[in-house]
Structure formats: structure tokens, C-alpha cells
Amino acid sequence: MISRRDFLTAVSGATATALLPRFTWASGPTIEVPGKAGMIVRSARFLDLEMPPEFFDSWLTPVPHFFVRNHMHEPSTLNADSWRLSVGGEVENPFTVNLSELAKLEPRSVTNTLECAGNGRAFQQPKVPGVQWQRGAVGTARFSGPRLRDLLHRAGIKPAAKHVMLRGLDEIPGNVPPFIRSIPIDKATDADTLIATHMNGAPLARHHGFPARALVPGWIGAASCKWLTEIKVLDQEFEGNFMKPGYRMPNHLISPGGDVNPEDTHPITSLGVKSVIAQPGDGSSLKSGLLKIRGAAGAGEASVTRMEISTDGGTTWHAAHLGNQQARYAWRFWDYVWNAPKAGEYTIMSRATDDQGRTQPKTGAWNPSGYLFNAIDQVKIHVVA
């Protein structure tokens, strides 16, 4: 494993442009991260890695292709033997557990599509600040570990309990506030909310929260705190930078470019309905004839029930085939075979509908942080005879 110092030294002379583009949408210099070959480096200071659309080819995303989102430095020292997780706050019996003790608790496995709330931010118009994710700040894995509620029940939840705070071991630079999130007690005690120690059958990798992380299925990735070290039961929502003003949505639609009063917002919880086109890539040049269009679609705590494809820029829509692999909180793969009739320029679009009746909108709801972008996906291709 390359150290943070060595990694930053390696990229210190790179330009911002060299760190951002890769694969379908750009060319030029790239930075490779050990164990994450082919990923798009969106940030080298706090490591943020995006999965290129070409890697949307496995229902369970291989760990080397799984996106990485860090708000600050990863822990420089992680030792399974010395790691401890404390449980306290509004409980009768606070306690601390080590990794071997955690492993003795009954495990549960949950297949979950983890997605950064800012995935798609680069497509917001007008542009907004933040990591300029395109399509690939998302991945699906089978997470395993004890239920969070089993630890909470052992501690004895007091009647005043309303939220559960999660804190990781991120290394905080300077005066940056610590990355702390809280989730409502109902979600914390749901049978599918985990303290995950394994991912796709193997112990968590360092970039993904070793030795243990929260897994809050169906919700934005920020809720699933990595390198977990403290669980604290609170009598109210945690008050901190990454709960307010961070990771909140306006209570009302606002005009693109408009301002938002932080008091007129609500915390982001579940993900919306969304699809992405993995193939063909944007800007592809392809021969006319039968072409396979494929991609993935998810809906947070809901289920995708219909996929539609347009090959004429949205004038007409046709049903796509949904793959058989599915789980409650996981994306579904889809495909559509199109007979490209003649040479020319085409805009291919995809839109998903879920079992709550939500359908992807033509344009996403603009907000100044670029959260939850879920507009109909589209790629432009050139067909040659």
C-alpha cells in the first residue's frame, strides 16, 4: 500500500486537468493508484476515485473498481489488534468492543448500491463547486457484519434516543471540522443497517473503511461512515458541518443559480431513482446495424420496475430489458438492442421508473451543492455506414 506522503509526492507536479479526466470523456496524463488501476482520480489531496462507465459490467462491483470518496485524509495507521469501537450516549450500559469481539456477533449480509450524493454533479447547469463526479461515484457490493441494532440493544437505548451519531478515524487537516454524521434511530435499528467488516466476501480494504464501517442501505454514501470508531446515541440530530449545512436539500425548488437559506433545508437520506448508460460511451463512433445499449439503474430504498430507452433524443421511447439479478437496495442492469438505421449523429437517452411511481426527470432539481442529480442520462454517438 502506497503511503499518503508518497502518493501526494507523486502527484505534486500534476496539473488539476491531469487529475480529472480519464477514459471516455478525456485523454491526457493520468495518475494510477495501487489496487485501483483504471480509476479516475477526481482528487489527490483527499483521495476521490471514480469508476469509468466501461467498468459497469458486473452486478457486484469488484473492489478494485469500487469508487472511493474521502472528505479528509485516510487514517495513516490502522491496526486490527488495537482498533476499538465505543458505544455510548443515551444508553444504559456504554461499552467498547474490539474486532474479535465484534466478529462473535451474528453476521448479516446486505447487497447495497452505495452512491455519493454528489454523483452527477459535473452535469449540473449552472456549474456548482465540489468534486466533479460524472457517472461513476457509485458501486454495488455485498456488505457483511453484525447489525447496528444488536450493539445498541446491548447498550440499552434510553427513551430519549432520537439519532445515532457515527464517527470515523479520518485524519483531520488543520481546522477542518471532523466528519461526523447521524441517522435517525428508526434507520439505525433497522435489521439491514450494519457494522460492516466484509465487502464481497473479503475483509474491508483500507480505502473502503477497514476494519469496520457503517452500512446504511439505500441512503447516500455519506451516511455509511468509514473507519468507524464511535457510535453515540443522541436525543437530537447531530449538529455539525457535515449535517448542516452539508448534505442537505432545499425544501422547495429553486431557480438554477439561486441562493438557499440553510434553515429552509432538510437532511438528505434515501437516494432517488436514477439510470446511467454504460455502453456505448459518449462520443463513440460505431458502425450502423445492431448495437447493444446497456447500463444500470437504482432507486435507493425503492425498486426499479421499468427502463426506457430513446435513440432519437427523447422523441420516442422503448422498453428496455431488466436483468434478473436484483436485491432490495441494489441497482438493476438493463440492456436494449437497437438497429441503427443509417449513418448520422444520434442522442441515446435512458430513464428509469421505480415502484413508488417516480420517473427520472428531463432535468435534475438544481441545488448549490449539486446533490442527487438524476436527470435522464444521455450520450451522443456517431454512426457510420
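How many helices and strands does the secondary structure of the protein chain come to? The secondary structure comes to five helices and 24 strands, where helices (H or I, at least four residues) and strands (E, at least two) are DSSP runs numbered from the N terminus. This is a predicted model, in which local features need pLDDT of at least 70 and side-chain atom pairs count only at pLDDT 80 or more, while totals for chains, interfaces and linings use all residues. Residues are numbered from 1 along each chain as its sequence is written, and side-chain values use heavy atoms, with hydrogens and water left out.

**View 1. The whole protein chain.** The C-alpha trace spans about 70 × 50 × 45 Å along its principal axes. The radius of gyration, taken over C-alpha atoms, is compared with a globule rule of 2.2 Å times the number of residues to the power 0.38; for 385 residues a compact globule would have a value near 21 Å, and the protein chain agrees, with 21 Å. Of the 385 residues, 53% count as buried, a word that means under 20% relative accessible area, whereas exposed means over 50% and partly exposed lies in between (1.4 Å probe, protein chains only). With contact meaning heavy atoms within 4.5 Å, residues 24 or more positions apart account for 70% of the contacts that have a separation of 6 or more.

**View 2. The largest nonpolar core.** A nonpolar core is a set of buried Ala, Val, Leu, Ile, Met, Phe, Trp, Tyr and Cys residues joined through side-chain atoms within 4.5 Å. The largest one has 27 residues, of which Leu 85, Leu 151, Leu 152, Val 164, Ile 183, Ile 195 and Ile 231 touch the most other members. Among the elements that give two or more residues to this core are β3 (84–89), α4 (148–155), β7 (163–168) and β13 (228–234), and α4 gives the most, with four residues. Leaving aside neighbours within four places in sequence, the contacts of Ile 183 include Leu 148, Val 164, Ala 188, Val 216 and Trp 219. In soluble globular proteins, nonpolar side chains tend to be buried together.

View 3. Ala 299 is found in the loop between β18 (289–298) and β19 (304–310), and it counts as buried because its relative accessibility is 3%. Not counting residues up to four places away in sequence, Ala 299 touches Leu 271, Gly 272, Val 273, Val 304, Asp 354 and Arg 358. The C-alpha atoms of Ala 299 and Arg 358 are separated by 9.0 Å, although these residues are 59 residues apart along the chain.

**View 4. The loop between β13 and β14, with Pro 245 and Tyr 247.** Pro 245 has its place in the loop between β13 and β14 (248–250), and the peptide bond from Lys 244 to Pro 245 is cis, with omega near 15°. Tyr 247 is found in the loop between β13 and β14, and its phi is near 55°, a positive value in a residue other than glycine. Tyr 247 is buried, with a relative accessible area of 5%.

**View 5. The loop with Asn 200.** Asn 200 lies in the loop between β10 (198–199) and β11 (202–203), and has a positive phi of about 55° although it is not a glycine. Asn 200 counts as partly exposed, because its relative accessibility is 27%.
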